[in-house]
Amino acid sequence: MKLENYTKNNIMDNKNLKKTTRGRRFMSFIVDSVLWFIVGVVIFGLFGLIHEDLAKVMFGVYFIAYVVLQFVLMYRRSQTFGKFLLNIYVHDEKEKKRMGFVKLWLLRETLGKTLLLSAIPFLGILLWPIYALIDSLCIFRDDFRTAHDMIANSMVYDLPESAKRTSLFDFKTL
């Protein structure tokens with residue numbers, strides 16, 4: 001069965017969807033975090049040894065590449081890179097389909113994870129770590145949904161076998 005046929009017919013049928021595990025969600029978070037922090041710091045550090053301005057330029061290039069990769073995956077597959085590697089994706093529970101880019105990026109990733117508290121001057125910086133902890137601990141609810149999932153009305157599911165990526169560079173639209 002072609003991916004296009006699969007996504008149009010079966011991915012929206014909730015009977016075929018399986019919620020992903022807490023462990024797979026956590027590993028997805030770890031992959032995304034490692035990509036962002038560790039690799040960014042390594043690039044900044046290595047090029048910083050050569051020249052500080054070169055380090056800033058390379059970090060800027062890395063940042064743009066990272067954001068483009070995440071946006072492409074969110075737009076085409078409702079996934080971050082970590083979710084892409086683990087073959088899980090974000091599903092819109094209200095619309096009964098994979099989550100669209102605007103809702104995924106604006107509601108779930110931006111408002112649901114950071115912007116909500118960052119909008120409060122000074123206090124937001126102090127409260128953000130507390131919110132991040134609360135958001136993360138919500139994964140232990142019976143439905144495995146975090147606070148940012150509840151804000152966006154989303155759920156993270158495993159991709160069925162026929163919709164999983166076939167290679168590391170398989171960016172077909174879900």
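1. Buried, in this note, is under 20% relative accessible area, exposed is over 50%, and partly exposed is in between (1.4 Å probe, protein chains only). Keep in mind that you are looking at a predicted model, where local features need pLDDT of at least 70, side-chain atom pairs count only at pLDDT 80 or more, and totals for chains, interfaces and linings use all residues. Numbering runs from 1 along each chain as its sequence is written, and side-chain values use heavy atoms, with hydrogens and water left out.

2. Let's start with the overall layout. The protein chain has seven helices and four strands (DSSP runs, H or I of at least four residues for helices and E of at least two for strands, numbered from the N terminus). Walk along the sequence and the order reads α-β-α-α-α-β-β-α-α-α-β. So much for the order; as for burial, 37% of the 174 residues in the protein chain are buried. Take the contacts (heavy atoms within 4.5 Å) between residues at least 6 apart in sequence: 65% of them join residues at least 24 apart.

3. How many salt bridges are there? The count is eight, taking a salt bridge as a side-chain nitrogen of Lys or Arg within 4 Å of a carboxyl oxygen of Asp or Glu. As background, oppositely charged side chains can pair when their charged atoms come close.

4. Next, which residue does D149 pair with? Its salt-bridge partner is R108, and the closest N and O atoms are 2.8 Å apart. D149 comes from helix α7 (residues 147-152) and R108 from helix α5 (residues 101-118), so here the tie spans 41 residues of sequence. Are these two buried or exposed? D149 has 0% relative accessibility and is buried; R108, with a relative accessible area of 0%, is buried too.

5. R25, R108, E109 and D149 are linked in a network of salt bridges. If you are clicking through side chains, bring up these four together.

6. K164 and E161 make another pair, their side chains meeting in a salt bridge at 2.8 Å from N to O. K164 is partly exposed, at 25% relative accessibility. E161 is exposed, with a relative accessible area of 64%.

7. Now for the largest pocket. A pocket here is an open set of points on a 1 Å grid over the protein atoms alone where a 1.4 Å probe fits, with protein on both sides within 12 Å along at least five of seven lines; lining residues have an atom within 4 Å of a point. Which residues lie nearest the centre of the largest pocket? Of the 31 lining residues, they are F29, D32, S33, E109 and K113. Helices α2 (22-50), α3 (52-77), α5 and α6 (123-137) are the elements that give two or more residues to this lining. Helix α2 gives the most, with nine residues. E109, listed among those nearest the centre, is also a member of the salt-bridge network.

8. K113 is one of the residues nearest the centre of the largest pocket.

9. Two backbone spots to check. Most residues other than glycine have a negative phi. S78, not a glycine, has a positive phi of about 55°. S78 sits in the loop between α3 and α4 (81-86), and is buried at 0% relative accessibility. K96, also a residue other than glycine, has a positive phi near 60°. K96 is in the loop between β2 (88-92) and β3 (97-98), where it is partly exposed at 36% relative accessibility.
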